[in-house]
Amino acid sequence: MSPRRWLLADQLGPHFLDDDQQPVLLVEVSDLFRRRRLHRQKAHLILSALRHRAAELGDRAVLLRTATFREALAAVDGPVEVCHPSTRAARDFVRSVPGLTVLPPRGFVTDRADFADWADRPRRGPLRMVDFYRYAKRRHGVLTGPGPADDDRGAPAGRTLDVPPPPPIVEDDIDAGVRADLDRWERDGVRFVGRDAPRSHPATAAEAEDRLAHFLRYRLPAFGRYGDVMSAEDPVLAHGMLSAAFNLGLLDPAAAVSRAEAAWRSGDAPLASVEAFVRGVLGWREFLWQLYWYVDPPYRGTGWLAATEPLPQWFEDLDADAVEARCLADVLAGVRDRAWVHHAQRLLVLGNHALQRGWRPTELVDWFQRSFVDGAEWVMNTTVLGMSQYADLARVDTRPYAVDGRYIDEISDYCTGCRYQPDRELGDLACPYTGGFAAFLHRNRERLVGDPRLAAELAARDDPELREAVLAQEEKRGSNPP
C-alpha cells in the first residue's frame with residue numbers, strides 16, 4: 001500500500017509529491033489560529049491554500065479538521081509520510097509519532113549536508129550570506145559563463161513603475177467559506193490583527209505561476225533599479241509579491257531561479273536585475289533556511305544591543321492612524337491593509353524604528369511572523385534578529401541595519417509632505433529616525449565602536465551637550481507613536 005503523503009500548510013506545490021497518483025493527507029487544526037493573534041489575511045490565505053489544494057487533488061486527498069494533528073494522524077488508515085517540516089517544534093512532533101516516516105526537506109535548492117560542509121570548512125570565520133551566495137552559484141551552476149552584453153538602463157526616473165498590474169486573483173466559493181469560518185471564529189472570541197480584504201496572494205500553484213510569469217516579464221527588468229526604492233505612490237514597484245507563494249510551497253525556487261537566468265540569457269532582463277532576484281532566492285532565502293537548522297536554538301534572542309523595551313500597543317495593533325511620520329504611517333498601513341510590504345520597508349522603516357527605540361528583538365520576531373502573510377519562523381527568526389536588530393553577535397550581518405531620516409529621504413518619496421525634517425535631529429521638527437539614529441548610537445557607543453561606518457557616525461557626534469540633548473529628547477519620545 002502506497003504511503004499517504006501528509007502535506008503541511010507550507011508544502012502545497014506539486015514538487016512536494018512524487019507522482020500524480022500518490023494519496024494525500026491535509027489537516028486543518030483550528031486551535032492553531034486561537035493560540036496567536038495572526039493577521040486576518042494571513043489566516044485566510046493559509047486556510048484557502050489548504051482547501052484549494054484538497055479540491056485540486058479530489059479523491060486522492062483526505063482533508064481532516066481536528067483539534068490536534070495527532071488526532072488527525074490517528075484517524076488515517078495505513079502508512080503516512082511527511083517531508084521534513086520547517087520548524088523545530090514541528091520536526092520534534094513528527095519524530096514523536098509512531099510509524100510516521102519523515103522524508104528529507106523539499107522546497108529548497110541547497111542540501112543541508114552541502115551547507116554543513118561549506119559552513120564547517122576550516123578558517124571559515126563568521127557565516128556571511130555573500131560568501132554562501134558565491135558558493136551556491138558555483139555549486140548549482142547559476143549565472144556562470146558568458147551571457148549577453150548588458151546594458152545600463154540608468155537610475156530610476158521616478159517613484160512609480162509603469163507596468164501592467166499583476167493578474168487579478170478572483171475569489172471563489174472556497175474563499176467565501178474561509179471568510180465565513182473566520183467571521184464565526186471572531187464571534188467566538190478568536191482575535192486577529194489587521195483588516196480583512198479580498199485575497200491578494202496566490203493560494204494555488206496556478207495563481208502563483210501566473211504571478212511569477214508576470215513578474216519575470218514586466219517587473220524583473222527593473223528589479224535591480226527599483227528593488228530598494230520605497231514609494232507611497234506605488235507600494236509594489238518592481239516586486240512580484242511572491243514571497244508568500246514560495247513559503248507556502250506553491251513555487252519551486254529552483255525553477256524560478258532557472259527562469260530568471262533564462263530571462264537574462266535571452267536579453268529580456270539586465271544582469272543587475274536578475275542577480276538581485278537570484279540573490280534573494282538562491283542567496284538570502286536559502287541562507288536563512290540553512291542557518292535556522294545549522295545554528296543551535298540559543299541563537300534566538302541573544303540580545304547583544306541595549307534592547308529591553310516591550311513593543312507598544314499601537315504597533316501591535318497596526319495603528320497607522322496614530323503615526324505622523326509619513327514613512328512609518330504608510331508602511332504600517334501597508335501591513336494593516338495588505339499583510340505585506342517589501343523588504344526595504346521592513347528593514348529601513350519597521351525594523352529600523354524598533355532598533356532605534358530599543359524594542360525587544362524576540363517580541364519583534366513574533367510580531368513579524370504573525371503580521372505578515374509570508375511570516376515564517378525560519379525566515380523571521382534569522383532575518384529580524386540578525387539582519388535587522390543585530391541581536392545575534394553579527395552572525396548574519398556585519399552591522400546593525402540602522403539609518404537616519406536622510407537616508408530614507410534618498411531612496412523614497414516619504415519625506416515630501418512629512419511634518420518632520422530628515423536633516424534635523426533636535427527640536428519639534430526633528431525626524432524621529434534622525435534623532436532616533438543618533439540616540440541609538442549614543443546608547444550603544446561601546447558596542448559599536450568596532451564598526452567602521454558607525455564609528456565614523458559616532459565621531460561626528462562627539463559634542464557632549466548635543467549628545468545629552470538628543471538622548472533626553474528621544475527618551476521623552478520613547479515608544480510613543482511619532
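## Close-up views: cavities, a pocket and packed helices

View 1. At least two lining residues come from each of α13 (326-338), α17 (405-410) and α18 (432-443). (Helices are DSSP runs of H or I with at least four residues, strands are runs of E with at least two, and both are numbered from the N terminus.) A cavity here is a set of points on a 1 Å grid, over the protein atoms alone, where a 1.4 Å probe fits but cannot get out, and a lining residue has an atom within 4 Å of a point. The second largest cavity has a volume of about 90 Å³, where volume means the space filled by probe spheres set on grid points joined across faces, edges and corners. It has 13 lining residues, and Cys-327, Cys-415, Cys-418, Cys-431 and Tyr-433 sit closest to its centre. Sorted by class, the lining has 11 nonpolar residues, one polar and one charged. (Nonpolar covers Ala, Val, Leu, Ile, Met, Phe, Trp, Tyr, Cys and Pro; charged covers Asp, Glu, Lys and Arg; the others, Gly among them, are polar.)

A quick note on what you're looking at: this is a predicted model, so local features need pLDDT of at least 70 and side-chain atom pairs count only at pLDDT 80 or more, while totals for chains, interfaces and linings use all residues. Residues are numbered from 1 along each chain as its sequence is written, and side-chain values use heavy atoms, with hydrogens and water left out.

**View 2. Here is the largest cavity.** Searching the whole structure turns up four cavities of 30 Å³ or more. The largest cavity has a volume of about 140 Å³. It is lined by 18 residues, with Asp-10, Phe-16, Ser-86, Arg-106 and Phe-108 closest to its centre. α9 and α11 are the elements giving two or more residues to this lining. Its residues split into eight nonpolar, seven polar and three charged.

**View 3. Now for the second largest pocket.** A pocket, unlike a cavity, is an open set of points with protein on both sides within 12 Å along at least five of seven lines. This one holds about 1200 Å³ of space. Its lining has 38 residues, and Ala-9, Leu-32, Arg-36, Phe-69 and Thr-87 lie nearest the centre. Helix α2 gives the largest share of the lining, five residues. Among the other elements that supply at least two residues each are β2 (24-29) and α4 (88-96).

**View 4. Helices α10 and α11 pack together.** The axes of α10 (residues 253-265) and α11 (residues 271-294) come within 9 Å and cross at roughly 165°. (Axes are lines fitted to C-alpha atoms over the stretch in contact, and angles run from 0 to 180 degrees between N-to-C directions.) So α10 is roughly antiparallel to α11, a label for angles over 145 degrees. In α10, the residues in contact (heavy atoms within 4.5 Å) include Val-257 and Trp-264, and their partners in α11 include Phe-277 and Leu-282. The contact has 11 nonpolar residues, no polar ones and two charged.

**View 5. Helices α5 and α6 meet at an angle.** With axes 11 Å apart, α5 (residues 112-119) and α6 (residues 129-140) pack at about 125°. Asp-114, Phe-115 and Trp-118 in α5 meet Asp-131, Phe-132, Tyr-135 and Arg-139 in α6. This contact divides into four nonpolar, no polar and three charged residues.

Key
Parallel < 35°, antiparallel > 145°, perpendicular 65-115°, else oblique.
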